[in-house]
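Please examine the structure shown below before reading the notes that accompany it. The briefing is arranged by topic and may be read alongside the model.

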Amino acid sequence: MMLPTSLALLGAGLLGHGVARCFLGRGLPVTVYNRTRTKAEDLAARGARLSSSPQEAIGASEILLLCLSDAAAIRQTVFSDPCPPLLSGRTICQMGTIGPEESKEIAALASSFGARYLEAPVLGNAKDVEEGRAQVMIGAVPEDYERWRELLGLLGKLFWIGPVGKAAALKLALNQLIAAETAAFALSLGFVRRSGVPVEPFLDILRESSLYCPTFDKKLSRMRERSFASPNFSVRLLLKDIDLFLANSATLGLRSDSLKGVRTIVREAVESGRADLDYSALVDLVDPLAPAGAKEESQTT
Ligand SMILES: NC(=O)c1ccc[n+]([C@@H]2O[C@H](COP(=O)([O-])OP(=O)(O)OC[C@H]3O[C@@H](n4cnc5c(N)ncnc54)[C@H](OP(=O)(O)O)[C@@H]3O)[C@@H](O)[C@H]2O)c1
């Protein structure tokens with residue numbers, strides 16, 4: 001176990017910002033590549049070295065931390081010319097949410113270019129990651145887990161799940177709960193609102209009960225105020241995760257009709273211009289507000 005002398009972060013979106021801030025805050029040398037360079041400039045002010053190409057970032061680093069949106073973005077950024085020959089002898093640590101088969105395919109690709117690979121998907125938002133409070137699931141051979149434990153442990157609590165693919169699968173199981181719980185809460189909140197029931201007793205009873213999930217209170221003010229800018233996690237990426245879960249659950253022989261219903265809502269949220277908003281915006285589809293000027297029966301939330 002030891003900290004790397006050089007690390008590169010590819011993908012400085014929400015998650016990437018949390019990871020970069022965490023490591024920079026602990027004095028580690030971080031090279032950052034983001035497709036849209038301007039979105040990473042704030043990290044330069046915190047001490048990151050910005051790269052203008054993935055190959056420059058890869059060439060400068062012992063370990064590459066991938067915080068890209070999906071498997072397609074990983075293939076495009078890391079495994080397209082001229083990057084692959086530069087991967088030899090380095091480690092790729094994949095932190096986004098991708099499917100288990102995708103992760104295994106990327107691991108095989110990494111290995112074919114002489115790189116080591118581990119998956120380290122994260123549960124928690126950018127602030128949790130920055131402050132070392134996230135939960136990080138590791139899919140790797142034990143020696144790679146041992147080698148990178150100290151570094152990844154800076155982000156939060158580590159759970160070694162098994163070989164590559166196992167942590168990716170676990171992360172999908174968690175993310176379908178994000179979709180299901182958020183849709184269920186939006187529905188009950190809308191039902192209370194439209195029934196003219198005051199929202200406080202609903203929340204008080206819920207909080208005291210075994211039905212309660214902390215995510216309800218985390219999303220409550222966004223849902224009540226219909227305030228979805230500056231997302232913690234976007235509607236677009238929630239749809240990606242639902243699709244990954246549905247594809248994988250079909251191969252496992254699971255019945256996932258409930259999640260398919262949620263998918264319809266999330267897809268409509270994407271199609272109605274809400275893709276880049278916080279995923280709590282699905283309340284707008286579950287419980288649409290009356291158009292401006294129209295009278296609503298009850299507005300208790
Ligand atoms: N947000 C969270 O709290 C959170 C928590 C756990 C896991 N995750 C997972 O982590 C991953 C990243 O999520 P995020 O919320 O950080 O997303 P995000 O804010 O949308 O950032 C996505 C990143 O991927 C880059 N990217 C997308 N397509 C690309 C392509 N074709 N080529 C090169 N770069 C590309 C984006 O670059 P540009 O800036 O140029 O668009 C950006 O750096 C996702 O798999 C997500 O499910 C997110």
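The model is predicted.

**Helices α4 and α5**

- Two packed helices are described by the angle between their axes and the distance between the axes.
- For helix α4 (residues 71–78) and helix α5 (residues 100–112), the axes come within 11 Å and cross at roughly 15°.
- Because angles under 35 degrees count as roughly parallel, α4 is roughly parallel to α5.
- The crossing of α4 past α5 is right-handed.
- On the α4 side the contact is made by A71, I74 and R75, and on the α5 side by E102, E105, I106 and L109.
- Sorted by class, the residues in this contact of α4 with α5 are 4 nonpolar and 3 charged, with no polar residues.

- Strand β1 (residues 7–10) runs parallel to β4 and is joined to it by 4 bridges; L10 has L66 of β4 as its bridge partner.
- Strand β5 (residues 91–94) also pairs with β4 in the parallel sense, over 4 bridges, and here L65 has C93 of β5 as its bridge partner.

- In helix α10 (residues 214–225), the buried residues are F216, K219, L220, R222 and M223.
- These buried residues of α10 pack against α8 (166–194), α9 (199–208) and α13 (283–286).
- The loop between α10 and α11 (235–251) contains R226.
- The loop between α10 and α11 also contains S230, a residue other than glycine whose phi is positive, near 45°.
- Is R226 buried or exposed? Its relative accessibility is 18%, so R226 counts as buried, the cut-off for buried being under 20%.
- S230 has a relative accessible area of 63% and is therefore exposed, since exposed means over 50%.

**A cis peptide bond**

- Which residues are joined by a cis peptide bond? D81 and P82 are joined in this way, with omega at about 5°.
- P82 is located in the loop between α4 and β5.

Definitions and conventions: Residues are numbered from 1 along each chain as its sequence is written. This is a predicted model: local features need pLDDT of at least 70, side-chain atom pairs count only at pLDDT 80 or more; totals for chains, interfaces and linings use all residues. Side-chain values use heavy atoms; hydrogens and water are left out. Axes are lines fitted to C-alpha atoms, for helices over the stretch in contact, and angles run from 0 to 180 degrees between N-to-C directions. Helices (H or I, at least four residues) and strands (E, at least two) are DSSP runs, numbered from the N terminus. Angles under 35 degrees count as roughly parallel, over 145 as roughly antiparallel, 65 to 115 as roughly perpendicular and the rest as oblique. A crossing is left-handed if the near helix is turned anticlockwise from the far one by less than a right angle, and right-handed if clockwise. Contact means heavy atoms within 4.5 Å. Ala, Val, Leu, Ile, Met, Phe, Trp, Tyr, Cys and Pro count as nonpolar, Asp, Glu, Lys and Arg as charged, and the others, Gly among them, as polar. Buried means under 20% relative accessible area, exposed over 50%, partly exposed in between (1.4 Å probe, protein chains only). Two strands pair if DSSP finds at least two bridges between them.
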